[in-house]
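Subject: Two-chain model for your files

Dear colleague,

Here is the structure I said I would pass on. My notes on it follow below.

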Amino acid sequence: MGEFGGLTSEWLFGLPLPTLWFGLVLFALGAFLLLDGFDFGIGVLFATGSKSERERLLAVIGPFWDGNEVWLVVFGGLLFAAFPSAYASLFSRYYLLTFGILAGLGLRGLAPELYEQRDDVRWRRLWGGAFVVGSTLTPFLFGLLLVNWVTGATATLTLHGVFGGLALLAFCVLDGVAFCQLKTPGPLAVRMRVHGLRAGIAYLALLLVSLAVSGVDLQSLVVLGCVFASVLLIGTYSWALRRDRPVGAFVAVGGVALVLLVLFGGLAFPYIDRGAGLTIQDAFISPLMANLMTIATAFLLPLVLSYFVVLYSAFSGPIESEESYG
Amino acid sequence: MIDPTIASRLQFALTVMVHIIFPVMSMGLAPFLIWFTVQEVRTGRPIYEQLRRFWTKIFALSFVIGTVTGLVLEFEFATNFATFATVAGELFGGPLALEGMMAFMLEATFLGVFIFGRDRVSDRLYVVSSVAVGLGTWLSAVWILIANSWMQTPRGFELVTKNGQRVVTLTDPLAAYLTPRFGYMFVHMQNAAVESVALFMAGVAAYYVYRHHIRGQSVDAIAFWETTLKIAIVALVITAPLQVLHGDAYARHVAQSQPQKFAAMEAVWETGSYVPEYIVAFPTTLDGVFDPRTRELFGIAIPGFASWLVSGGNPEATIRGLESFSTRAPPVAIVFWSFRIMVALGFWFILLAFWSAFRWRRGELFEDDLLHRALMISAPLGIVAVEVGWIVTEVGRQPWVIQGVLQTADSVTPGLGGQEATLTLVGFVGGYTALLLLYAAVCRRIIRSGPPSPDELTATDNSAQEVRTDG
């Protein structure tokens, strides 16, 4: 064992690796919520569009959604790699919920591909509908899972979970509206604004109700701080939408996502899976593997972020009118 | 209700067997797409743009379905095999996380550029994106096969007690992640993917060549299909013989490192030397037909040939029989027959490759209707060979999920209910049947509408270059 020296017995540079990895897992989760969030939101808004608007909405997310969804793969992978027992207990406890999310994601991924295949009314109604259902179901169930997870609920269907799921759905809609402002300025984006404003109010209300019925300590610093920050950010978002400041609106959405993560982390800590009584320290892997994964991730994560820079800058600015999904 | 252990195993088998089709298509298409893109950018000839645009459609569809079906597998380790995830997670989770970051991210982000960005980015970045997508698909295979090969031939670990459970902990990363098995698996799998795609391309192209040249029907873009056929044949001539060569080496490695699996592949029950190689074997009793582990067999065999093959030339070599293991044999008939179907297909593909090459050399490639039919029938057979090959690998290692460490039956989620497990199994049977039908229907549609017509092309065909390249 000597050949790996101190790597086998202590954390790299004495860093608090379990906590750092908890943060890393949350980072991947946040990237998924923020980035795939606008894909889901646009999927929901798809229901309100005319035929040509639908085409445009698909073109908006076309190059991005696949890469965005991979953040879920990375989130799962990092959680599995760093906290295997929590990964196992969590998704096996919410068995049907997990498969519900996977089914929703499958529908969301497949539907646009199929939608574009044929130009007849029934076919497009079917797969357009499937796209909306997948884009609605996935964030709702995912929010339900997150809230159950953080509160350690053993039941699949909980009241605070349902409100949490609806809150995440509302978040995706406001995210989608903001992304539309960036990518397709014009009458469509203007028409979307009212949905964004409503979704902002709904998000705050649902988040508060979910917190209130969940039984968490509402007077704790993290809850109070996060609620206050969310109100401010949603206010900023609404102001930016009305004033036609798409970048401002999107940055505000990023802030909302960040606050959501802080709230999640603050409520979960020190547990990685409260329902199974597993703390971050208990569930973490041994030093050798942890150190190697930390080194690998330190190299890979900047690389991954650079791919996203390439992708988003290749398709920066509004989409051109002739661009379509196919 | 189905027993949760059986339901989980059936569900994993179903979901992984459906999933593998799509990575095979995307990994196999990757080198072709890189080549088409490079040639398109370098020469500006329209045929390469047609090739790239047409096969990218199949690639994109396969990639999307591969993403959603792959995500299912990642989470099934936790939902249905929670004990496995807990016991093996420290060694097994890492490669999955690295696959996500190193491979999948590369592939998914640059795919956006590759599919949507031809007019948006420079030629150089476009070529880079095609290479990144291809590299991503192959790196995915690296990490997945590292994880799988560790389960087949585990090493570089210790069992320790953690939170009251015996779990695996890493002691030697190089030993664990660079097993000899990984090398065999990776070469065999990647070559299989390219070969499968070559067969698929050849079959589709042969259909149009047949209609045009044999049936005399007018086919749009016949030049495109003729070129596709030739490209596929070149790929087949390279990959088909290689597949059998390293397959043979791989089988000998299995005989050493997983003797129980090898015994099942050859249906050897009693340890002995001069072991005959059965070409076929059938149960001689009615009960035996329904018992995959029956020993009442009648078959046609070459005496001593199994020993000869496994030792590389010695007919006296000893092969350990299934009886000599303390664990119950895997369902032998499934492993035995899957292995034979794979090997038979492997040789059929070689025959097909040389037949095509021979006709091509004599200038008769477009005239041999029997060859065209054989290619059409063989279009999906590469995928079939991959499926049966994986059945040998995965059914053959039973009852172990991690060879010698953890049995599959002990790896299932402890509290999983029969109702939940049955519900999701039924859901997957229905959902994946629909998925396969849709995939087939959309592929058919893409193939029927053919490549983009010359006036849709954007490539600036430089006629000076054209003269030069055409000589």
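This is a predicted model: local features need pLDDT of at least 70, side-chain atom pairs count only at pLDDT 80 or more; totals for chains, interfaces and linings use all residues.

**Cis prolines and positive phi**

Pro399(B) lies in the loop that joins helix H13 (381-396) to strand E5 (400-402) of chain B. Helices here are DSSP runs of H or I with at least four residues, strands are runs of E with at least two, and both are numbered from the N terminus.

Residues are numbered from 1 along each chain as its sequence is written, and chains are lettered from A and ligands numbered from 1 in the order in which they are written.

Chain A has a cis peptide bond from Phe269(A) to Pro270(A), with omega near 0 degrees. Pro270(A) sits in the loop between helix H10 (246-268) and strand E1 (271-273) of chain A.

Ala221(B) has a positive phi of about 55 degrees, although it is not a glycine. Its place is the loop between helix H6 (180-214) and helix H7 (222-257) of chain B. Ala267(B), also not a glycine, has a positive phi near 55 degrees, and is found in the loop between helix H8 (259-266) and strand E3 (277-283) of chain B.

As to burial, a residue is buried if 20 or more other C-beta atoms lie within 10 Å of its own, exposed if 12 or fewer, and partly exposed in between, with C-beta atoms placed from the backbone. Ala221(B) counts as partly exposed because it has 18 C-beta neighbours inside 10 Å. Ala267(B) has 23 other C-beta atoms within 10 Å and is therefore buried.

**The two chains**

Chain B has 15 helices and six strands. The C-alpha atoms of chain B fill a box of roughly 70 × 55 × 45 Å along the principal axes. Of the 471 residues in chain B, 48% are buried.

Chain A has 12 helices and two strands, in the order α-α-α-α-α-α-α-α-α-α-β-β-α-α along the sequence. Its radius of gyration is 20 Å, close to the 20 Å that the rule gives for 326 residues, so chain A is as compact as a globular protein of that length. The box filled by its C-alpha atoms, taken along the principal axes, is roughly 65 × 45 × 35 Å. Buried residues make up 55% of the 326 residues in chain A.

Two residues are in contact if their C-beta atoms, placed from the backbone, lie within 7 Å. Among contacts with a separation of 6 or more, residues 24 or more positions apart account for 78% in chain B and 76% in chain A.

**The contact between chains**

Chain B gives 50 residues to the contact and chain A gives 53. On the side of chain B, the elements that give two or more residues are helix H2 (46-79), H3, strand E2 (165-170) and helix H14 (418-449). H3(B) provides the largest share of that side, 24 residues. By class, the side of chain B has 29 nonpolar, 15 polar and six charged residues. Ala, Val, Leu, Ile, Met, Phe, Trp, Tyr, Cys and Pro count as nonpolar, Asp, Glu, Lys and Arg as charged, and the others, Gly among them, as polar.

**The core**

The largest nonpolar core has 262 residues, and Ala202(B) and Leu236(B) touch the most other members. Helix H3 (residues 82-116) of chain B gives the most to this core, with 23 residues. Such a core is a set of buried Ala, Val, Leu, Ile, Met, Phe, Trp, Tyr and Cys residues joined through C-beta atoms within 7 Å. Leaving aside residues up to four places away in sequence, Ala202(B) touches Leu229(B), Ala232(B), Ile233(B), Leu236(B) and Leu375(B).

Regards

Technical notes:
The radius of gyration is taken over C-alpha atoms; the globule rule is 2.2 Å times the number of residues to the power 0.38.
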